[in-house]
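Here is a friendly walk through the model shown below. Keep the coordinates open in your viewer while you read.

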Amino acid sequence: AVCTHIATTKGTAPDVLGKTEVVKNTLNPQWTKVFVFDYELGTPMKVAVSIFDEVRKGDNKSMGSAMFDIGELLGARGNTKAKRLKGGGTLFAHLRKSEGSGLLRLKMKGIKLKNVEGMF
């Protein structure tokens with residue numbers, strides 16, 4: 001998965017926060033990669049998560065994407081939100097505040113993602 005901070009002010013480019021590790025042979029990945037970023041309470045911030053199936057030859061295949069509003073995520077029960085993906089499956093995002101700072105930790109997992117290769 002690729003996690004991107006979407007610019008909310010004009011003239012600001014999106015910023016890729018990073019990529020998760022590849023989780024092989026599952027449609028229910030639980031990524032261990034955690035994205036840490038600075039957040040000021042009340043400031044609009046959105047994060048787009050794009051999921052790909054890694055392909056040995058050629059381009060990786062898109063499995064779907066979802067947009068999470070950080071303020072909504074912080075206000076959700078357990079700081080966790082689920083988004084259904086158009087092609088099938090659900091992406092979960094969970095936020096946790098880092099101790100003694102304005103930093104947030106974003107962790108994700110997928111459930112019943114769409115099989116785009118026909119291998120399972």
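A salt bridge here is a side-chain nitrogen of Lys or Arg within 4 Å of a carboxyl oxygen of Asp or Glu. With that cut-off, a search of the whole structure gives 1 salt bridge. Its partners are Lys24 and Glu54, whose side chains meet at 3.6 Å, N to O. The pair ties together distant parts of the chain, 30 residues apart: Lys24 belongs to the loop between strand S2 (15–19) and S3, and Glu54 to the loop between strand S4 (46–53) and strand S5 (61–69). Buried stands for under 20% relative accessible area, exposed for over 50%, and partly exposed for values in between (1.4 Å probe, protein chains only). Lys24 counts as exposed because its relative accessibility is 61%, and Glu54 counts as partly exposed because its value is 42%.

Before going further, a word on the source. This is a predicted model, in which local features need pLDDT of at least 70 and side-chain atom pairs count only at pLDDT 80 or more, while totals for chains, interfaces and linings use all residues. Residues are numbered from 1 along each chain as its sequence is written, and side-chain values use heavy atoms, with hydrogens and water left out.

The pLDDT is the predictor's confidence in each residue, from 0 to 100. The protein chain averages 88, and 95% of the residues score at least 70. Confidence is highest in S6, at a mean of 95, and lowest in S8, at 87.

Now to the strands, which are DSSP runs of E with at least two residues, numbered from the N terminus. Two of them pair if DSSP finds at least two bridges between them.

| Strand pair | Bridges | Example of bridge partners |
|---|---|---|
| S1 (residues 2–6) and S2 | 4 bridges | Thr4 and Val16 |
| S6 and S7 | 5 bridges | Ala82 and Phe92 |
| S7 (residues 90–97) and S8 (residues 103–111) | 8 bridges | Leu95 and Leu106 |

The hairpin of S6 and S7 has 5 residues between the strands, and Gly88 there takes a positive phi near 125°.

What about the rings? A charge sits over a ring if NZ of Lys or CZ of Arg is within 6 Å of the ring centre and within 35 degrees of the ring normal. Lys109 lies over the face of Phe92, 5.4 Å from the ring centre. The charged end of Lys83 is placed over the ring of Phe68, at 5.6 Å from its centre.

Thr9 lies in the loop between S1 and S2 and counts as partly exposed because its relative accessibility is 49%. Thr9 and Leu27 are 18 residues apart in sequence, and their C-alpha atoms are 35 Å apart in space.
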